[in-house]
Amino acid sequence: MFDKRCKNLLIRGVNWIGDAVMTLPALRAIRKHLPEAKISLLVKPWVSAIFENNPNIDEIILYDERKHKGLLGRIRLSRILSKKGFSCAILFQNAFDAALITFLAGIKERVGYNRDGRGFLLTEAVKVPKKDINKHQIYYYLNLLKQIGINAKYLDPYIFISLDERSSARNQLKEMRRPIMGINPGAEYGSAKRWLPERFAEVAGWFIKDKNGSIVIFGSKKEEDIAEKIEHLIIRQQLTVNSHRSLATITNDQCPMTNDRLLNLAGKISLRELISLISECDIFLTNDSGPLHISYAVGTPLIAIFGSTDPELTGPPSNMIGNVVINHKFSCSPCFERTCRNNDLRCMYAITSDDVYYGVKRLLPDRPAVFFDRDGTLCKDTGYLNRYEDLQIFQEANILPLLKEKGFKLIGLTNQSGIARGIIKEDFVKDVNKIFIERYKFDGFYYCPHHPDERCSCRKPELGMALRARAEHKIDFKKSYVVGDKESDMLLAKAMGAKGIFVKTGHDKESFSAEYKAKDLKEAVDWILKNQNVICEESRLRY
């Protein structure tokens, strides 16, 4: 069993972007098991961005193949690790190399799966689980932890993004028309995972015309050709629609970039920029690839196209709503081949543009909402509310159903660390939230039960609760508002791209992040309705 007294832990991470995302729940489980330990992560440079800003990791160590190539390079890396004084290591990577380096580094406790001939280098070699075709890859890493005595429960993968990163991405896309659909037409694994460029372009064209939106194309340096082909196809398609000319008569030099409709970023951005830009898209269309996993880990509604691979193993986790997988099964699938051995790509040709666009229309979030904090905003903040006799709902809450009449969803979001502290019973929190659903017509009420020290993804100002609400109610953050009495509520609004309204009915009387400050709920509602009328008029004049 793994020593809970470990104070200096090294984790050998995996080498691919998708796999890196799928280890995130396991990292959270390790941090919960070892809250006081220093946790360092050894990873290749091209995946390190996945883990930046992650509170479950104290240090990222880069395994640079240029510096650590060959046996001498590995010895050099092991000496670096040895000087850091690690007492234990957990190996998510399956390779012999991972066990060798930690052995050479003199790390006393070395844990990993017993495979690739490396068992003799491990102090605890865990039996590889039998393949379960219905078991997602996330559970492969969680199982390793369970076998060494760590309570590793499933949690949704979540990539932490700073407010500055979100603001930078939002600024980069500010000229694009909303809604924005991001598309990722590549897949470095091989052509058997790539849907047809012509169909990506067709769906993109429909989206521009039908939703009056815009398209952002993503891809790596190696995928610039595919991205450029789709870019030209989209523009030529739009010119054909607008000029009624035949597609064959339009050349590429007649296809200028339209700044508010189409943006090609393939090969132009870093992985960290990709993460924040995907988070700013309203919907994301992709093949089975690294960006697919980024999309669900930042909460962007996802349309995932699968051909040669199995979505039950490496698709969006079934526990997460707000994602659609499109694939057609044949006798030869999933084959897991890089190229089609039948030379016909029937699994990809079978997926039509109509199949995909139906998924886009079904998933695209388009409803405005008003998100409310609870204690101090909807009712008096008594500290840790744990008795019904202390529940004092503000009288102004009676006007909230008016927002429903104007087309808004009403959503409650509340941090309730008193549950983790043992001060409040979870059933009591649920019952109080239910009052707002039944009496004031709220569509949903979400709460975070965790202690702040757990550094979870749902405690405001992180977006976990808001993302779940968006997926369940198809909410458009950019058309929404956040009303709260705490600075964390206003920071949440900024992270979402919503408008933050600070109400002075709680303990805090000032906010530096609010877009508007109101004395109470009534003034907040009045401002929302007035602002909404202005937006509707501006939209009418623009279009």
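Contact here means heavy atoms within 4.5 Å. Helices (H or I, at least four residues) and strands (E, at least two) are DSSP runs, numbered from the N terminus. This is a predicted model, in which local features need pLDDT of at least 70, side-chain atom pairs count only at pLDDT 80 or more, and totals for chains, interfaces and linings use all residues. Residues are numbered from 1 along each chain as its sequence is written, and side-chain values use heavy atoms, with hydrogens and water left out.

**First stop: α9 and α10**

Select residues 271-280 for α9 and residues 290-298 for α10. In α9, pick out L271, L274, I275, I278 and S279; they meet P291, I294, S295 and V298 of α10. This contact has seven nonpolar, two polar and no charged residues (Ala, Val, Leu, Ile, Met, Phe, Trp, Tyr, Cys and Pro count as nonpolar, Asp, Glu, Lys and Arg as charged, and the others, Gly among them, as polar).

Now look at the axes, which are lines fitted to C-alpha atoms, for helices over the stretch in contact, with angles from 0 to 180 degrees between N-to-C directions. Those of α9 and α10 are 9 Å apart, at an angle of about 55 degrees. The two helices are therefore oblique to each other (under 35 degrees is roughly parallel, over 145 roughly antiparallel, 65 to 115 roughly perpendicular, and the rest oblique).

**Second stop: α7 and α13**

Select residues 197-211 for α7 and residues 353-363 for α13. Their axes come within 10 Å and cross at roughly 40 degrees, so α7 and α13 are oblique as well. Show R199, E202, V203, W206, F207, D210 and K211 of α7 with S353, D354, V356, Y357, V360 and K361 of α13, which make the contact. These residues divide into six nonpolar, one polar and six charged.
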